[in-house]
Amino acid sequence: MPTFEYAPAPESSAIVDIQPSYGLFIDGEMVDPIDGSRFKTVNPATEEVLSEVAAAGPRDVDRAVTAARAAYQSTWSQLPGRERGKYLFRLARLVQERARELAVLESIDNGKPIRESRDVDLPLVAAHFFYYAGWADKLGYAGVGPDPRPLGVAAQVIPWNFPLLMLAWKIAPALAAGNTVVLKPAETTPLTALAFADICRQADLPPGVANILTGAGETGQALVEHPGVDKVAFTGSTEVGRAIARSVAGSRKKVTLELGGKAANVVFDDAPIDQAVEGIVNGIFFNQGHVCCAGSRLLVQESIADELLDRLKRRLATLRLGDPLDKNTDIGAINSSAQLDRIRELSHAGELEGAERWSPPCDLPDRGWWFPPTVFTGVTQAHRIAREEIFGPVLSVLTFRTPAEALEKANNTPYGLSAGVWTDKGSRILWMAQRLRAGVVWANTFNRFDPTSPFGGYKESGYGREGGRHGLEAYLDV
Ligand code: TAP
């Protein structure tokens, strides 16, 4: 097969203006942290320091929660829904207007390819604000009673894999429902949340309605444990989710947890193979596999396994890894050296346990944090790489003979966030979908998101739903 060389097509970073340092966004203003602590945020593709960002301490958390409470009582909860909706529409339009700048900033701070931040993350961010803007004056029709009330102040903690998109998933429904928020972005990806703070000012959002506190895990902990908080919304690892659930147990706080996953992507022998190969690639190599609902376990029917793996490997050899700002790039940088260590450690465990490791020929850049697309075959259900979330571009392949065996293997996981089914038969899709213990089941596609669709997990993948009208319920007193 001929291979084509691409000339580099770098997106310019001139559109972003990264400040040498940032404060905290509290009560509509950027302020310095009380104890003056700061940390660095780094470009994972180059290891260059991008900026120094404030680390919020307990007193800053208190200031932010107090500001959110005051804004809740004096303005936000008093505004008619249609007025709140106007602000949300304004935020949505400003996100769209500044989409290119935000996409470049996201790729620089996170390492994800510009193609993805530009074509997936940013359109979905705007879509979430538009969608929930439309709900703000229709809460009585959300199916949770005729006159639902907001909860108050929401503490929101998000991870680094989709920084601005997770912010949108959290802030848009909370504000539409009449709550005010204090949000903590992940330590390694604070910059787009800080750009969003600027958008809140541009939109003239009343001070204190949305507050952004940068910081590490301790800031998140102080925020979710603050007694002035009415609602906790967390997306991140199962381990931290458990600690949060324990810390708020017995309090009046309402909690939603969106945690990890180990999704099965199940390919039957009657599946359209080329489409399935694209779905497998999108399922696990999109966003470097830093996706909670990634299709990290491929379950393929034994009779087509050899052919499917052949085609998959040929396809993987065409993926381009490198500069996240190059529009040709398919696989960007791993977000942090800590995450790279974890991916390496689990991949090494896969080899030690006897699975066969394969990657296409792939030059890794000298600087930055990178991991090539990797496939493990000969994986059994007992292997760590079949059970633990790797959160990287690593696919574990298992085979099955019958639908019942596929189902049994797919459900044999402590997680339950998502799953995929590839088959020509509608009846089989329905049979599988009814039996798979997963919050989202994709049929002949994978990793599709829409603000109208609820998303969330079973078992160790957490509880509560985000997205759709179900996502409103989590922010309403019902
Ligand atoms: P975590 O280490 O859990 O971090 C998530 C967020 O919680 C970060 O902002 C983190 O701050 C903060 N945090 C850390 N310790 C905390 C504590 N004790 N109390 C309160 N907040 C605390 O996860 P991660 O490594 O960033 O993200 C990867 C995980 O998130 C994966 O397991 C993935 O599956 C899951 N995830 C799930 C979903 C959904 S929707 N289910 C979506 C995306 C990611 P620092 O960044 O400073 O550590």
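Helices (H or I, at least four residues) and strands (E, at least two) are DSSP runs, numbered from the N terminus, and by that naming Ile429 has its place in helix α14, residues 426-435. This is a predicted model, in which local features need pLDDT of at least 70 and side-chain atom pairs count only at pLDDT 80 or more, while totals for chains, interfaces and linings use all residues. Residues are numbered from 1 along each chain as its sequence is written, and side-chain values use heavy atoms, with hydrogens and water left out.

**Domains and their contact**

- The domain assignment of the chain, with bounds from an automatic or database source, gives domain 1 (24-259 + 458-477) and domain 2 (264-443), and the C-alpha centres of the two lie 30 Å apart.
- To the contact, meaning heavy atoms within 4.5 Å, domain 1 contributes 31 residues and domain 2 contributes 33 residues.
- The buried area, which is the accessible area (1.4 Å probe) that two parts lose on being put together, summed over both, is about 2700 Å² between domain 1 and domain 2, with 55% of it on carbon and sulfur atoms.
- Of the area that domain 1 buries against domain 2, 22% is supplied by Trp160, Tyr458 and Lys459, more than by any other three residues.

- One salt bridge is counted between domain 1 and domain 2, the term standing for a side-chain nitrogen of Lys or Arg within 4 Å of a carboxyl oxygen of Asp or Glu.
- Asp330 forms a salt bridge with Arg115, where the closest N and O atoms are 2.8 Å apart.
- On the side of domain 1 that touches domain 2, α3 (99-110) and α4 (114-135) each supply at least two residues.

**Two buried residues**

- Ile429 counts as buried because its relative accessibility is 18%, the class being under 20% relative accessible area, against over 50% for exposed and in between for partly exposed (1.4 Å probe, protein chains only).
- Leaving aside neighbours within four places in sequence, Ile429 is in contact with Val421, Thr423, Ala443 and Asn444.
- Asn179, found in the loop between α5 (163-176) and β8 (180-184), is buried with a relative accessible area of 0%.
- The side chain of Asn179 reaches the backbone nitrogen of Leu151 at 2.8 Å, and, not counting residues up to four places away in sequence, Asn179 touches residues including Tyr72, Trp76 and Tyr475.

Key. A polar contact is a pair of N or O atoms within 3.5 Å; within protein, one must be able to donate a hydrogen and the other to accept it, and residues adjacent in sequence count only if both atoms are side-chain atoms.
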